Amino acid sequence: IIPKDKGLAVSIHPGIVLTNIVKNMFPGVKSLLLKCIYPFYWFVSKNCNEGVQTLLYVLYSDPKHIKGGEFYMDCAPSWSNPIVEKHWKKLFTDTQ
């Protein structure tokens, strides 16, 4: 168990990862739809090794470089929304 003062919580987005998750979904529609969008999907998606990089980055980085409550994408902190920041801080202080 990680001591309360040593743990961090972050959100991680792997990106669009090319997997076979839709392999058995919507068999009739899927084949036609995938044939139409697959070239675009393939161009913008990541393979599994690329998709896991942000998770590994956050997991193995020095904790001094990782900010709790941040949203990480592509191995870096991503957008920050002032409204989310306000509510996150309030929730954090209310639940301590």
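Is Lys-67 buried, partly exposed or exposed? Lys-67 is partly exposed, with a relative accessible area of 45%. Here buried stands for under 20% relative accessible area, exposed for over 50%, and partly exposed for values in between (1.4 Å probe, protein chains only).

The structure is a predicted model, in which local features need pLDDT of at least 70 and side-chain atom pairs count only at pLDDT 80 or more, while totals for chains, interfaces and linings use all residues. Residues are numbered from 1 along each chain as its sequence is written, and side-chain values use heavy atoms, with hydrogens and water left out.

**Figure 1. The chain and its order of helices and strands.**
The chain has 4 helices and 3 strands. Helices (H or I, at least four residues) and strands (E, at least two) are DSSP runs, numbered from the N terminus. Along the sequence the pattern reads β-α-α-α-β-β-α. Of the 96 residues in the chain, 11% are buried.

**Figure 2. The salt bridge between Lys-46 and Asp-74.**
The structure holds 3 salt bridges, each a side-chain nitrogen of Lys or Arg within 4 Å of a carboxyl oxygen of Asp or Glu. In the pair shown here, Lys-46 and Asp-74, the closest N and O atoms are 2.6 Å apart. Lys-46 counts as buried, at 19% relative accessibility.

**Figure 3. The loop between strands E2 and E3.**
Asp-74 is found in the loop between strand E2 (71-73) and strand E3 (76-77). Although Asp-74 is not a glycine, its phi is positive, about 55 degrees. Cys-75 is placed in the loop between E2 and E3. Cys-75 is a residue other than glycine with a positive phi, near 60 degrees. At 28% relative accessibility, Cys-75 counts as partly exposed.

**Figure 4. The salt bridge between Asp-62 and Lys-64.**
The side chains of Asp-62 and Lys-64 meet at 3.9 Å, N to O. Asp-62 counts as partly exposed, at 32% relative accessibility. Lys-64 counts as exposed, at 72%.

**Figure 5. The largest cavity and the residues around it.**
A search of the whole structure finds 1 cavity of 30 Å³ or more. On a 1 Å grid over the protein atoms alone, a cavity is a set of points where a 1.4 Å probe fits but cannot get out, a pocket is an open set with protein on both sides within 12 Å along at least five of seven lines, and lining residues have an atom within 4 Å of a point. The largest cavity has a volume of about 30 Å³, a volume being the space filled by probe spheres set on the points, which are joined across faces, edges and corners. Its lining consists of Lys-67, Gly-68, Gly-69, Glu-70, Glu-85 and Trp-88. By class, this lining has 3 charged, 2 polar and 1 nonpolar residues. Ala, Val, Leu, Ile, Met, Phe, Trp, Tyr, Cys and Pro count as nonpolar, Asp, Glu, Lys and Arg as charged, and the others, Gly among them, as polar.

Lys-67 forms a salt bridge with Glu-70, with 3.6 Å between the closest N and O atoms. Glu-70 is buried, with a relative accessible area of 13%. Glu-85 is in helix H4 (residues 82-94) and counts as partly exposed at 23% relative accessibility. Glu-85 and Glu-70 are 15 residues apart along the chain, and their C-alpha atoms are separated by 9.4 Å.

**Figure 6. The largest pocket.**
The largest pocket has a volume of about 260 Å³. It is lined by 13 residues, of which Leu-8, Val-58, Leu-59, Pro-63 and Ile-66 are the closest to its centre. Helix H3 (residues 53-60) gives the most to this lining, with 3 residues. By class, the lining of the largest pocket has 10 nonpolar, 2 polar and 1 charged residues.

**Figure 7. A nonpolar surface patch.**
Ile-16, Tyr-38, Phe-40, Trp-42, Phe-43 and Val-44 make a nonpolar surface patch of about 700 Å². Patches are made of residues with over 30% relative accessible area and no salt bridge, with like charges joined within 9 Å and nonpolar side chains (Val, Leu, Ile, Met, Phe, Trp, Tyr) within 5 Å. Accessible areas come from the Shrake-Rupley method with a 1.4 Å probe, and for residues only the protein chains shown count as cover. Val-44 lies in helix H1 (residues 27-44) and is partly exposed, with a relative accessible area of 36%.
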